[in-house]
Amino acid sequence: MAEQRRDGRDTGDVREHPQERREEGRRDEVARAWDDLVATARRTVSDGLVVGTSGNVSVRVGATVLVTPTGVPYERLTPADVVGVDLDGRQVLGSLVPTSELPMHLAVYRTTDARAVVHTHAVHATAVSTLVPELPLIHYMAGALGGPVRVAPYATYGTPQLAESMRRALEDRTACLLQNHGTIAYGATLPQAYDRTAQLEWMCRVWLTASSIPGLTPTLLTGEQVAEAGERLRGYGQPGR
């Protein structure tokens, strides 16, 4: 109901409209998601998973994908630098150019239930991608990624060919290696996507270390052992946390 002044004249409805509240809520959600995205991107650098502006991070907010821009050092990103695209790749937020690896990120969102994606050029994972078509089952944590981690055949960065190669390697998996390139992992949240990325890099480091001992061959797990571990890992951790 509109308020009235003491002289009886209508002052208009001063209450906030539901549409305005929804729009403000969405802006707040985007701002929080962007802050988390930038923090995650900076962490990939501080943890040694990328060098400079290599690698990229994205997070989905509704129908919008927030993504790191191309060629901008992460420490320089501010709240005003938010970059967002729709699922067709059309830019809907910001003026900075999105990462060149946008086709990979969008392919993940279109074909999975991902809400966040982390792509890195991690040293040990990249090294493994040049040696084998699939990461040997050196540790049961492969089960947390859906099973044996595949290597997507090489294709030029930023191309639809690379996105398709990656998509095939990710079938029934939440992470894969990119031949002569790096890693990509996704999750329901940015922390989950990041943890899967870090776990993959750690497993690659373990395999490279174990297989470097002259005269010895690492003991590997079977697919059944990894699958059993994967089932147990589904209930790992504290409920609701």
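Tutor: Let us begin with two helices: α2 passes α4 in a right-handed crossing. Please keep in mind that this is a predicted model.

Student: At what angle do α2 and α4 pack, and how far apart are their axes?
Tutor: Helix α2 covers residues 102-111 and helix α4 covers residues 160-169. They pack at an angle of about 40 degrees, and their axes are 8 Å apart.

Student: Which word describes how α2 and α4 lie to each other?
Tutor: The word is oblique. Angles under 35 degrees would count as roughly parallel, and roughly perpendicular runs from 65 to 115. With an angle of about 40 degrees, α2 and α4 are therefore oblique to each other.

Student: Which residues meet there, in α2 and in α4?
Tutor: From α2, the residues are Pro103, Met104, Ala107, Val108 and Thr111. In α4 they meet Leu162, Ala163, Met166 and Arg167.

Student: Is α2 mostly covered or mostly open?
Tutor: Helix α2 is mostly covered, as seven of its ten residues are buried. Those buried residues are Leu102, Met104, His105, Leu106, Ala107, Val108 and Tyr109.

Student: Let us move to His119. Where is it found?
Tutor: His119 is found in strand β7, which spans residues 116-120. With a relative accessible area of 1%, His119 is buried.

Student: What does His119 touch?
Tutor: Leaving out residues up to four places away in sequence, His119 touches Val50, Gly55, Asn56, Glu101, Met104, His105, Leu178, His181, Thr183 and Ile184. Among them, Met104 and His105 are also on the list of buried residues in α2.

Student: With which side chain does the His119 side chain make a polar contact?
Tutor: The partner is the side chain of His121, at 3.5 Å.

Student: A change of topic: how many disulfides are there?
Tutor: A search of the whole structure finds zero disulfides. Cys176, for example, is in no disulfide, and the nearest cysteine sulfur to it, that of Cys204, is 11 Å away.

Student: What about Val83: where is it?
Tutor: Val83 is found in the loop between β4 (64-67) and β5 (84-85). Its relative accessible area is 0%, so Val83 counts as buried.

Student: Which residues does Val83 touch?
Tutor: Not counting residues up to four places away in sequence, Val83 touches Trp34, Val65, Leu66, Val67, Pro69, Gln91, Leu93, Leu96 and Pro98.

Student: And Thr44, what is its place?
Tutor: Thr44 is in helix α1, residues 18-46. It is buried, with a relative accessible area of 2%. With the same exclusion of residues up to four places away in sequence, Thr44 touches Leu49, Val50, Tyr74, Val118 and Tyr194.

Student: Where does Asp172 lie, and is it buried or exposed?
Tutor: Asp172 lies in the loop between α4 and β9 (175-178). At 69% relative accessibility, it counts as exposed.

Student: What is phi in Asn180?
Tutor: Phi of Asn180 is near 55 degrees, again a positive value in a residue other than glycine. Asn180 is placed in the loop between β9 and β10 (182-187), and at 46% relative accessibility it counts as partly exposed.

Student: Finally, how many helices and strands does the protein have?
Tutor: There are six helices and ten strands. Of the 241 residues, 43% count as buried. The C-alpha atoms fill a box of roughly 95 × 40 × 30 Å along the principal axes.

Student: What share of contacts joins residues at least 24 apart in sequence?
Tutor: Among contacts between residues at least 6 apart in sequence, 63% join residues at least 24 apart.

How values were computed:
Residues are numbered from 1 along each chain as its sequence is written. This is a predicted model: local features need pLDDT of at least 70, side-chain atom pairs count only at pLDDT 80 or more; totals for chains, interfaces and linings use all residues. Side-chain values use heavy atoms; hydrogens and water are left out. A disulfide is a pair of cysteine sulfur atoms within 2.5 Å. Helices (H or I, at least four residues) and strands (E, at least two) are DSSP runs, numbered from the N terminus. Buried means under 20% relative accessible area, exposed over 50%, partly exposed in between (1.4 Å probe, protein chains only). A polar contact is a pair of N or O atoms within 3.5 Å; within protein, one must be able to donate a hydrogen and the other to accept it, and residues adjacent in sequence count only if both atoms are side-chain atoms. Contact means heavy atoms within 4.5 Å. Axes are lines fitted to C-alpha atoms, for helices over the stretch in contact, and angles run from 0 to 180 degrees between N-to-C directions. Angles under 35 degrees count as roughly parallel, over 145 as roughly antiparallel, 65 to 115 as roughly perpendicular and the rest as oblique. A crossing is left-handed if the near helix is turned anticlockwise from the far one by less than a right angle, and right-handed if clockwise.
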